[in-house]
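Here is a short report for a first look at this structure. Keep the 3D view open while reading.

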Amino acid sequence: MPVIEDDHPASLLEVRGLTKSFGPARALTGVDLDVRAGEVHCVLGQNGAGKSTLIKTLSGAHHPDAGEIRWQGEPVRIGSPVAALELGIATMYQELDVVDGLTIAENIYLGHEIAHGGVLNQREAHRATRELMDRLGHPSLKPNREVGTLSPANKQIVSMARALSHDIKLMIMDEPSAVLDSGEVDNLFRIVGELTEAGIAVIYISHRLEEIERIGDRITVLKDGASPASNLSVQQTPTRELIALMTGRRIEQVFPPRATVPTDAPVLLEVSDLSLRGVFHDIKFSVRAGEILGIAGLVGSGRSEILETIAGHRKATSGTVTVEGESLTPGSVQRAVGAGMGLSPEERKSQGLLLEEPIFKNATLSTFSRFARGPLLNEPAERRATEEQMKVLHLRPAEPNRITRTLSGGNQQKVMLARWLIHGTKVLLLDEPTRGVDVGARVEIYGLIRELAARGTAIVVVSSEIDEVIGLSDKVVVVADGRVLDERPATQIDEHGVLDLVMKGSAA
Amino acid sequence: MSEQSNSVGGDAEAVATTTEPISPRETKGMRGMPAAFGRSIGLVIALLVLVAVGWATAGSNFMSLDNMLVILRLASVIGVVAIGMTFVITAGGIDLSVGSVLGLASVVASLGAIQTASEGFWPLMVFAGIATGVIAGLMNGMIIAYGKVVAFIATLAMLVAARGAAELISQRQSQVVVNQGFKSFFRQEPLGISLVIWIFAIVAIVGWFLLNRTTFGRRTVAIGGNATAARLAGVKVKRHTVYLYMLSGAAAGIAATMLLSRTTAGISTHGGLYELDAIAAVVVGGTLLIGGRGTIGGTVLGVLLFSTLTNVFVQNDLSTSVQLVAKGVIIVVAVMLQQRFASREGVTST
């Protein structure tokens, strides 16, 4: 490992042989890691590789069973999150830990309020907050704005500002880009750049290899709780090698091959002149059985709202949606579900799943009354149906009684797919199908979506990753500012093409 | 509590992989009872401690069969109210109006026009009481589901209004029950156990079955766990919400006729503060106040805990003031025990 002593003095953080078990489950089995001041150190790994446990150990939320953590050369024991902050380690969790009912300033200074003798100095807190927001490139976020009214991206800014309100030397970011679109990601990277210039080290956790190539200095790969490779140089390590390290295999082809949809295949979903006042206008497209249609657009283009309106979650102001020729009642989810339509929402956790309930109750949430004899539930039948779909979806381990919260993002997405498979959905609407899903499982989800189409389902996909929309779809609809700009076969457009259209469309 | 469970869930997620088989993390309560019992260990312990205290201080006066029946009879009325409340809370709601609605129902059921003379058709009284509860519940439900008023406020309004309506109807007079059929029906003691206890038992069993074994129960839990997910899956959330408050109102109506049989007078002040006793029993029993998890068994234990407490104090000639303080302490201790056992269960089983 080339050590450039001039630029990077001794390591800020050294981790050696870190292990941690939860009962019989071994989350970390020996992790090594060095972080230098002022570097961006990326930690890569699939879900379950131990990333979250590593972060929680470094931030004081967990205590390691064995191994050593040295901070600025001294062995330390990080006993609690407060102890971590005192050392200068701040953590930005993926599940944003902001309090919705409080203002931005109150959130930032929560736990270390600016006060004199117990009396809050709100003016000073607001001034400091404005300063932090300027530094983070978001002067429009006012200190007295309530956090509950912010988008996930802006909540993340608040979370970041809170970390910066402490005197920190190391910032741990857990998949910060998961809730951001590309413009916001650029801003995030600018902030990361500023932090490192100020000598602050960043541990950056992400699934997105392209991001790591952009901002990472060094990489540590986690697999099965161990670090098969630590402190690799980003520039000198080819992507193929990283994927091989992470998965133990090579991903030959990310997206499954497209199918040719016969022109006489029945049109299952027809959307005509659909409008939602102030959000989108005159949306028009149709999807045949076996076809995957992708909606490409930036955040704010109305793409998620279009899906939600088609599914009846929102009430259209005008226009019609027909499923197999039957037109749906605007604003009625029950009609849409009854007609054979299913929506897998963007926010799986808050809009799709009962996290504390077992898998099978989630899988049969749309169909439990169908299994019931009159008002009496038939749970054995529900479990059997769930098991069947779990096999189809390769959802392992095949335990329909397992609590849904304990599943990885990829498996939670499969539970949503199982729900609609059991329902016999003819039209499937997928909003961000791979959000929070790791690299290996993504490929599997793509394959499953294609397989569902091959069985005659009409599918509509929305994703913030334009690459994903194009790669997965047969046909792409480009939207900007709530209007359809273009519709063409996916083979005739690429990411640049979409962005060009969006730029021109917005200018016009 | 929620923070704690979050971090436990986080660990589990971190440990879980897509391919490796891991130790099973099942809900033990697929059959309903074991999980409810597992979560209720703290409550059972508290109840046993209380029984031990009763035994030690009041001896055979306390440990007699007669006294046990007294405790059960004491628990019955509030127990029925609490079963209805369990459904509402499991679905993430709250019904503050049950006490007042009970009072109103007792007044309506004992109206001269309804009970007529001493030989009148007494089931009409029962019907009138329950119907009053259902109608109040229907109003609560409509206001909450379609009027989009927060449950706390809507049922608080009903709490005030129903009490006022009861005063108006009764003109603040006790309405003595003269109907002999009603009185003699409720004087029955099948197997030596008074009828109100039987009614409580039946309501509890039906409630347990409804919550754990029927589509109605599944919808209730789903709405409490994640209302948006339930709606997107095609559950008629609004309609179901109305049903839930009607159910809670019906329970208050049943409780009203039970109370009427005991006091033999319809009074507008019947059921005062019952809503708090019912909510305390439900929450101490282990039903989550934010919804998504409900246990009828826990609610029954919670009600028994409070009535045993009252009994122990009465046996020892202690004032009701002391009793109230003890009740407050018990609520806190029971819930803390509950959480301790719940989180331990969470750690070992996940």
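Chain B is built from 17 helices and 2 strands. This is a predicted model. Of the 350 residues in chain B, 53% count as buried.

Chain A has 18 helices and 22 strands. Its length is 508 residues, and 50% of them are buried. Among contacts in chain A with a separation of 6 or more, 67% link residues 24 or more positions apart.

**Confidence in chain A**

The mean pLDDT of chain A is 84. A value of 70 or more is reached by 93% of its residues. Confidence is lowest in helix α8 (residues 239-247) of chain A, with a mean of 68. It is highest in strand β20 (residues 458-462) of chain A, at 93. Over residues 1-8 of chain A, the pLDDT is below 50. That stretch has 5 contacts in the model beyond near neighbours in sequence. Where pLDDT is low, the predicted coordinates should not be read in detail.

**Helices in chain B**

Two packed helices are described by the angle between their axes and the distance between the axes. Take helix α11 (residues 195-213) of chain B and helix α16 (residues 296-315) of chain B. They pack at an angle of about 150 degrees, and their axes are 9 Å apart. How do α11(B) and α16(B) run, roughly parallel or roughly antiparallel to each other? Angles over 145 degrees count as roughly antiparallel, and α11(B) and α16(B) are therefore roughly antiparallel to each other.

On the α11(B) side, the contact is made by B:A204, B:G207, B:W208 and B:L211. On the α16(B) side, B:I296, B:G297 and B:V300 meet them. By class, this contact has 5 nonpolar and 2 polar residues, and no charged ones. An α-helix has 3.6 residues a turn, so residues three or four places apart point the same way.

Helix α12 (residues 215-225) of chain B is mostly covered. Of its 11 residues, 10 are buried. Among them are B:R218 and B:R219, as well as B:V221, B:A222 and B:I223. What do the buried residues of α12(B) pack against? In chain B, they pack against α5 (65-90), α11, α13 (227-232) and α14 (237-263). They also pack against α13 (368-371) of chain A.

**Strand pairs in chain A**

| Strand | Partner | Sense | Bridges |
|---|---|---|---|
| β1(A), residues 11-22 | β4(A), residues 66-71 | antiparallel | 5 bridges |
| β4(A) | β5(A), residues 74-75 | antiparallel | 2 bridges |
| β13(A) | β16(A), residues 318-323 | antiparallel | 5 bridges |
| β15(A), residues 292-296 | β21(A), residues 475-480 | parallel | 4 bridges |

A:V15 stands opposite A:I69 in β4(A). A:W71 has A:E74 in β5(A) as its bridge partner. The hairpin of β4(A) and β5(A) has 2 residues between the strands. There, A:Q72 takes a positive phi near 50 degrees.

**Two sheets in chain A**

One open sheet has 4 strands, in the order β14-β13-β16-β17 (chain A), with antiparallel pairing. Its edge strands are β14 and β17 (326-327) of chain A, each pairing on one side only. Within this sheet, A:L269 stands opposite A:V323 in β16(A). Helix α9 (residues 303-310) of chain A packs on the sheet and touches β13, β14 and β16 of chain A. The direction of α9(A) makes about 115 degrees with that of β13(A).

A:G278 is in the loop between β13 (267-276) and β14 (280-288) of chain A. Is A:G278 buried or exposed? A:G278 counts as exposed, because it has 10 C-beta neighbours inside 10 Å. The C-alpha atoms of A:G278 and A:T317 are separated by 9.8 Å, while the two residues are 39 residues apart along the chain.

Another open sheet has 6 strands, in the order β18-β19-β20-β15-β21-β22 (chain A), and its pairing is mixed. The edge strands are β18 (341-344) and β22 (483-489) of chain A. From one strand to the next, the twist averages 15 degrees.

Methods
Residues are numbered from 1 along each chain as its sequence is written. Chains are lettered from A and ligands numbered from 1 in the order in which they are written. This is a predicted model: local features need pLDDT of at least 70, side-chain atom pairs count only at pLDDT 80 or more; totals for chains, interfaces and linings use all residues. Axes are lines fitted to C-alpha atoms, for helices over the stretch in contact, and angles run from 0 to 180 degrees between N-to-C directions. Angles under 35 degrees count as roughly parallel, over 145 as roughly antiparallel, 65 to 115 as roughly perpendicular and the rest as oblique. Two residues are in contact if their C-beta atoms, placed from the backbone, lie within 7 Å. Ala, Val, Leu, Ile, Met, Phe, Trp, Tyr, Cys and Pro count as nonpolar, Asp, Glu, Lys and Arg as charged, and the others, Gly among them, as polar. A residue is buried if 20 or more other C-beta atoms lie within 10 Å of its own, exposed if 12 or fewer, and partly exposed in between; C-beta atoms are placed from the backbone. Two strands pair if DSSP finds at least two bridges between them. pLDDT is the predictor's confidence in each residue, from 0 to 100.
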